[in-house]
Amino acid sequence: MAPGIDPSLVTGAWREGDPPGGRLFADLGDLTLDSGATLPDVRLAYETWGTFDGSNAVLVLHALTGDSHVVGEAGPGHPTDGWWGSVVGPGRPIDTDRWFVVAANILGGCQGSTGPASLDPDGLPWGGSFPALTVRDQVRAEVALADRMGIDRWHAVIGGSAGGMRAVEWAVEHPDRVERLMLLATSAAASAEQIALSRTQVAAIQTDPAWFDGDYYDGPVGPLAGLDLARRIAHIAYRSETELQQRFGRATEMDGTWSVDSYLQHHGAKLVSRFDAGSYVVLTSAMDTHDVGRDRGGIASALSRVTARTVVAGIDSDRLYPLHQQQELADLIPGAGPLAVVTSVHGHDGFLVEAEQVGELARDLLADPVERQYIRREASAAE
Ligand SMILES: CC(=O)SCCNC(=O)CCNC(=O)[C@H](O)C(C)(C)COP(=O)(O)OP(=O)(O)OC[C@H]1O[C@@H](n2cnc3c(N)ncnc32)[C@H](O)[C@@H]1OP(=O)(O)O
Ligand SMILES: N[C@@H](CCO)C(=O)O
């Protein structure tokens, strides 16, 4: 297990009784899943910024290990700062002085929404009996939240990576509820390589002796080593070969550890402290099910349903969600316009790190036509 992991930790999940940390909670009742199972008493944790005026709601959808905490400091209830505070906030490209931003923790997650770490109707942690989910199930829960909030139509739905999967599902399944759409570093369907990588990560967790078939929450130990290893595998694909070579090459730390290995160990330990292995298994497995074309006559037919004004963007160095996957989305979504390419050495994580480029794309998407002309004049004057 990587140094820096607290061995007394069982899970990094937010648990009942932990500080709410600004979370709101929507109890949405029972949810019928794609599998035919019913998930009872579904709860989504969410946060909002700004004031709703009836037509200015923007849904921001987090990626695999994100949560509702898009903006704001780390503090009681939130182990990390908001994951997109440079893009969302007062005066930011997604300006919360103007837009009413909503971010929910994904169904199956571990930061306040119903997932393996939360309590089942008998008051026990779901654990291994938590049902398998699909991306469409996760969007169904988010639709229930929007209904509860009285949000019939989003001014924009924005998501990167796994968040982009939910965003494109929103726009295909509920075209009348999505006015504008931003898809970042995502795909129309999970590829064989993405499935291969996620299965290997899940295997790392499920072969951890402390996995106990997912029923570890009330025990003395959790599958921390497995989750740590899963994260290290994932993080290699989140970055680019060029970046790792430039930053680490063949360097070693004082104790002789390869520096690139030390870096991966750091990210493993960091994730273990704020995430749950059971959620990681449920969420990566849900991502494997992602296929907008399933039961819709294929990808082209499904994407033809989108009516939102759409921006599709990809990271030029992304080896996990390569540009051709975003090009397919841009080609098949009516009126999506040319693919926007974000220049970054950081690979897939570029959608989180390249805040200026991503922010400009978001600001342009949200703007009205007159503003957009001004933004573009500003941009060309700056060149
Ligand atoms: C959008 C979503 O829903 S998902 C995002 C949710 N996740 C989070 O918000 C958690 C924070 N986010 C992350 O960690 C994401 O990976 C990112 C993309 C934001 C971080 O990416 P970057 O900013 O490029 O950071 P990078 O991957 O270089 O890691 C920097 C860290 O590695 C550490 N580090 C660098 N080299 C080494 C090394 N050789 N050995 C050990 N540690 C190292 C740095 O000290 C730094 O530590 P810190 O995490 O305490 O700041
Ligand atoms: N590195 C980010 C993006 C993954 O798609 C995360 O941990 O969620």
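I began at Arg239, where a polar side-chain atom lies 2.6 Å from an oxygen atom of ligand 1. I took a polar contact to be a pair of N or O atoms within 3.5 Å. The model is predicted, local features need pLDDT of at least 70, side-chain atom pairs count only at pLDDT 80 or more, and totals for chains, interfaces and linings use all residues. Residues are numbered from 1 along each chain as its sequence is written, ligands are numbered from 1 in the order in which they are written, and side-chain values use heavy atoms, with hydrogens and water left out.

**Entry: ligand 1**

I looked up two further contacts of ligand 1. A polar side-chain atom of His266 lies 2.8 Å from an oxygen atom of ligand 1, and for Arg247 the corresponding distance to an oxygen atom of ligand 1 is 2.9 Å. Taken alone, ligand 1 exposes 1,000 Å², of which the protein buries 70%; the areas come from the Shrake-Rupley method with a 1.4 Å probe.

I then listed the shell, counting a residue as near if one of its heavy atoms lies within 4 Å. There are 21 residues around ligand 1, and Ala63, Arg239, Ser262, Tyr263 and Lys270 come nearest. By class, I noted seven nonpolar, eight polar and six charged residues in this shell. The classes count Ala, Val, Leu, Ile, Met, Phe, Trp, Tyr, Cys and Pro as nonpolar, Asp, Glu, Lys and Arg as charged, and the others, Gly among them, as polar.

Which helix gives the most to the shell around ligand 1? I found that α6 does, with six residues. Helix α6 (259-272) and helix α10 each supply at least two residues of that shell. Helices (H or I, at least four residues) and strands (E, at least two) are DSSP runs, numbered from the N terminus.

**Entry: ligand 2**

I recorded Ala63, Leu64, Thr65, Ser161, Arg231, Tyr238, His348, Asp349, Phe351 and Leu352 as the residues that surround ligand 2. This shell has five nonpolar, three polar and two charged residues. Helices α4 (224-238) and α10 (350-353) each supply at least two of its residues.

A polar side-chain atom of Ser161 lies 2.7 Å from an oxygen atom of ligand 2. For an N or O atom in the side chain of Arg231, the distance to an oxygen atom of ligand 2 is 2.8 Å, and for a polar side-chain atom of His348 it is 3.0 Å. Taken alone, ligand 2 exposes 260 Å², and the protein buries 93% of that.

**Entry: the pocket**

**Entry: UniProt records**

Under "active site" UniProt lists Ser161, Asp318 and His348. These residues span 188 residues in sequence, yet no two of their C-alpha atoms are more than 10.9 Å apart, so they gather at one spot. The lining of the largest pocket includes Ser161 and His348 from this group. I placed Ser161 in the loop between β7 (156-160) and α2 (162-173).

The annotation "binding site" covers Arg231 and Asp349. Arg231 and Asp349 are in the lining of the largest pocket.

Technical notes: Polar contact = N/O pair within 3.5 Å; in protein donor to acceptor, adjacent residues only side chain to side chain. UniProt positions renumbered as here; feature names shortened; annotations may be inferred. 1 Å grid on protein atoms, 1.4 Å probe; cavity = no way out; pocket = protein on both sides within 12 Å on 5 of 7 lines; lining within 4 Å.
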